[in-house]
Amino acid sequence: MLALKKKHRIAVAWAQDTNTIGAIHKAVIKGFVEAVMIGKSAEIIKTCKAEGIDEKLFTIIDADNENKASLEAVRLAKKGDADIVMKGLIGTDKFLKSVMDKENGLMLPNAVLSYVGVMEIPSYHKLLFITDPAVIPFPDLDQKIAMAGYAIEMARKFGVEKPKIALIGASEKMSRHFENSVDYAIMCKMADCGQIKNCVMDGPLDLFLACDKKSIEIKGVETPVNGDADILLFPSLESCNPFYKGLMLFANGELAGLIRGTEKPVIVMSRSESEKSKYFCIALSCLMA
Amino acid sequence: MVLKNLNDLKRIVEGGPRKKLVLAAAQDQLSLGAVVRAWKDNIIEPILIGDKEGIQNICVSNNYDITGLRIIHEPDTEMSVEMAIKMVSSKQADILMKGKVGSSTLLKCVLNKEWGLRTGNLLSHFALFEVETYHKVIAVTDVAMNIAPNLQDKIAIVNNSVACLNKLGYTMPKVAVLGAVEMVNENMEATLHAALLSKMNQRDQIKNCIIDGPLAFDNAVSLESAQQKGIRSEVAGDTDLLLMPDIEVGNVLYKSLVFFAKAKVASIILGALVPIVLTSRSDSEQAKFDSILLSAAACK
């Protein structure tokens, strides 16, 4: 685990489910977070007891419905009483509504809201950052540029000074039938010109050329990413989402991820996500806070 | 090989068989002057089609000695163009040149579906400049034909020009895609096209050249200026071919080079079965002569 310099305060909205409480508990025990659990306090205490967790490790704030819980979590972050906001048992859309609220939410002015994940895949030689499996269905050029920026920022926090970013397509060729390849060419030139910084960028590249040196040799394609990508930028949510789920299901991949574009890290995970994944997300959010 | 000046084109033409140039509507003084001179210099073998009496009168009053030159009498302008084009498509001539006929009439005939000179490629204008202040000749396209080329058009224009430069001995010409700035700006379409063309070149989808852009004009032709801006580019400062964003920019650049920088220019139309010499009526006899020279070199 990465060395975290200071303890972060995390506000959890609608915090009564087992996975969330388990993950938060682990992070509290490890000593890198303080937790504010917002929800039906009786249920939170009940779950803690059932799991053998000392509820006194947490600050518990009572809220009688999920909307109130998420508003309170965001409010705490907004006024500086929390460094990180995390979604508990509440639905993602309701939760994000509070986060994105124009007056009281956590959006940075004019920022693109997107999601960056980091995957540990046993069959790949390093961590792989991916974007966007969760927020933007069909990113346009500006959104893709923002997504790349977020992913680069995260990779650099992990110590990858100049991450190699592959812009993923079905082939490495340019084609006007694939609009994404057009965006990709523009982005590569922007990286050449220093308009997108701190990265080595190439695309379109298919997944093999992005992550497999052998394919580079076989195909004889010259690319600075060279089968050694740190970041994969996908053309759509529907291509990125099955990518990470496939790796989790079939290749023992683990994912941690965060919403970007907010004043403070926001953790959004699917309610069905394991305790381990949630724990990784908490650690990641502390790194990015 | 790099051409230092337009006269270097002679080295390409010399030694080879003389190309047959057919001048359509030949009763035009400057065209005849240039053609006769190129004939005397052993650059081409001309065939004149047009009003025979008119042709002879011009030659007599200007002291052009055309003894032994083949003249085909066809007083009707359009018919003379048609006849000239048919000579080319039946391989009796290698180069087509416009005489006393409007460009649009000639091009309409070139594009004739039955007997024209279509290849399926876009027609584009290719100009080669000799400017004292640049270390070699510089090609510019398209300054006269395609008005507002889209990306597909620009790919075709680059391909036409690169094929021509390859024939002139440039194995890997350096192509600068011109913009007003050297960065990508989403509001400037030329810079987006430049990024796409560069990438297609990297992926070998546009071959036999090195493309970079967007480059502002100064970065394209001056290494010093590119270095000052910290631009890393194989093309900057050493451009062989400048790709224009549109005809307005191209036409103004062309004319400012000629009028302010006293550049010499040769120009042809590419993309048809053979090179076409289609200089404007205001071009000097020298420009027409150099264009003939270029067309002979380009059909090698």
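This is a predicted model: local features need pLDDT of at least 70, side-chain atom pairs count only at pLDDT 80 or more; totals for chains, interfaces and linings use all residues.
Once residues up to four places away in sequence are set aside, Ala35(A) touches Ile10(A), Val12(A), Ile24(A), Val28(A), Phe58(A) and Thr59(A). Lys144(A), by contrast, is 109 residues from Ala35(A) in sequence, and the C-alpha atoms of the two are 34 Å apart in space.

Chain A as a whole contains ten helices and eleven strands. Its radius of gyration is 20 Å, close to the 19 Å that the globule rule gives for 289 residues, so chain A is as compact as a globular protein of that length. Along the principal axes, the C-alpha atoms of chain A fill a box of roughly 60 × 40 × 35 Å, and 49% of the 289 residues of the chain count as buried. Of the contacts in chain A with a separation of 6 or more, 68% are accounted for by residues 24 or more positions apart. The domain assignment of this chain gives domain 1, made up of 8–107 + 262–288, and domain 2, which covers 115–250; the centres of these two domains of chain A, taken over C-alpha atoms, are separated by 30 Å.

The largest nonpolar core has 205 residues, among which Val12(A), Ala13(A), Val85(A), Ala151(A), Ile292(B) and Leu293(B) touch the most other members. Helix H5 of chain A (residues 141–157) provides the largest share of this core, nine residues. In soluble globular proteins, nonpolar side chains tend to be buried together.

Chain B is likewise divided into domain 1 (6–118 + 272–298) and domain 2 (124–259), and the C-alpha centres of these domains of chain B lie 29 Å apart. The contact between them takes five residues from domain 1 of chain B and seven residues from domain 2 of chain B. On the domain 1 side, helix H11 of chain B (residues 285–298) supplies the largest share, three residues, and the residues of this side divide into five nonpolar, no polar and no charged.

Within chain B, Gly99(B) lies in the loop between strand S4 (95–98) and helix H5 (103–110), and counts as buried because 27 C-beta neighbours fall inside 10 Å. Apart from neighbours within four places in sequence, Gly99(B) is in contact with Leu23(B), Ala24(B), Ala25(B), Ala26(B), Gln27(B), Asp28(B), Ser31(B) and Gly50(B), while a C-alpha separation of 9.4 Å relates Gly99(B) to Leu48(B), 51 residues apart along the chain. Helix H7 of chain B (residues 189–202), with 14 residues, reaches 20 Å from its first C-alpha to its last, close to the 20 Å expected at 1.5 Å a residue. H7(B) is mostly covered, with 13 of its 14 residues buried, and just after this helix Asp204(B) takes a positive phi of about 65 degrees.

Between the two chains, twelve residues of chain B are in contact with twelve residues of chain A. The side of chain B that touches chain A divides into six nonpolar, two polar and four charged residues.

Definitions and conventions: Residues are numbered from 1 along each chain as its sequence is written. Chains are lettered from A and ligands numbered from 1 in the order in which they are written. Ala, Val, Leu, Ile, Met, Phe, Trp, Tyr, Cys and Pro count as nonpolar, Asp, Glu, Lys and Arg as charged, and the others, Gly among them, as polar. Helices (H or I, at least four residues) and strands (E, at least two) are DSSP runs, numbered from the N terminus. The expected span of a helix is 1.5 Å times one less than its number of residues. A residue is buried if 20 or more other C-beta atoms lie within 10 Å of its own, exposed if 12 or fewer, and partly exposed in between; C-beta atoms are placed from the backbone. Domain bounds come from an automatic or database domain assignment. A nonpolar core is a set of buried Ala, Val, Leu, Ile, Met, Phe, Trp, Tyr and Cys residues joined through C-beta atoms within 7 Å. The radius of gyration is taken over C-alpha atoms; the globule rule is 2.2 Å times the number of residues to the power 0.38.
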